[in-house]
Amino acid sequence: QLQLVESGGGLVQPGGSLRLSCAASGFTLDYYAIGWFRQAPGKEREGVSCISSRGGSTNYADSVKGRFTISRDIGKNTLYLTMNDLKPEDTAVYYCAADGKRFLRAMCVMTPGEYDNWGQGTQVTVSS
């Protein structure tokens, strides 16, 4: 059974950093597109970053370019999101999600509806 478990969220001051982790089980992360999404209170879920199968390509939301980095540890079957220079508007529940329908997809998109397997989310709060 495919499972995604996020961790690493917390409370951080503006300008600070966090690294989120998403441990995958039941499938090989390297073979599928996988991404990070977030949802703030009262707002729709939005794409933050994604990475294609084999790590061939990545995408980032304009709001996080230059501050966030998506990466993977294939040996640990784990996805990461390193977040630097955090801002109050980054406050949200962060989810990882995998597109389990498309094997070896050479691209990734940041549309939540394209992903069919979701973790439970981890809260990130940026506040002084």
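## Exercises on aromatic contacts

**Exercise 1.** Classify Tyr32 as buried or exposed, then do the accessibility of Tyr31.

Solution. Tyr32 has a relative accessibility of 17% and therefore counts as buried (under 20% relative accessible area; exposed is over 50%, partly exposed in between, with a 1.4 Å probe and protein chains only). Tyr31, at 30%, is partly exposed.

The model is predicted: local features need pLDDT of at least 70, side-chain atom pairs pLDDT 80 or more, while totals for chains, interfaces and linings use all residues. Residues are numbered from 1 along each chain as its sequence is written, and side-chain values use heavy atoms, without hydrogens and water.

**Exercise 2.** State how many aromatic pairs the structure holds, and describe how Tyr31 and Tyr32 each pair with Phe103.

Solution. Step 1: there are 6 aromatic pairs (Phe, Tyr or Trp rings, the six-membered one for Trp, with centres within 6.5 Å; planes under 30 degrees apart are stacked, over 60 edge-to-face, the rest tilted).

Step 2: Tyr31 and Phe103 are edge-to-face, 5.4 Å centre to centre with 75 degrees between planes. This pair spans 72 residues, from the loop between β3 (18-25) and β4 (34-39) to the loop between β9 (92-98) and β10 (117-118). Strands are DSSP runs of E, at least two residues, numbered from the N terminus.

Step 3: the Tyr32 and Phe103 planes stand at 65 degrees, with centres 5.8 Å apart, so this pair is edge-to-face. Tyr32 and Phe103 are 71 residues apart, in the β3-β4 and β9-β10 loops.

Step 4: Phe27, Tyr31, Tyr32 and Phe103 make up one aromatic cluster.

Notes. Helix = DSSP H or I, 4+ residues; strand = E, 2+ residues; numbered from the N terminus.
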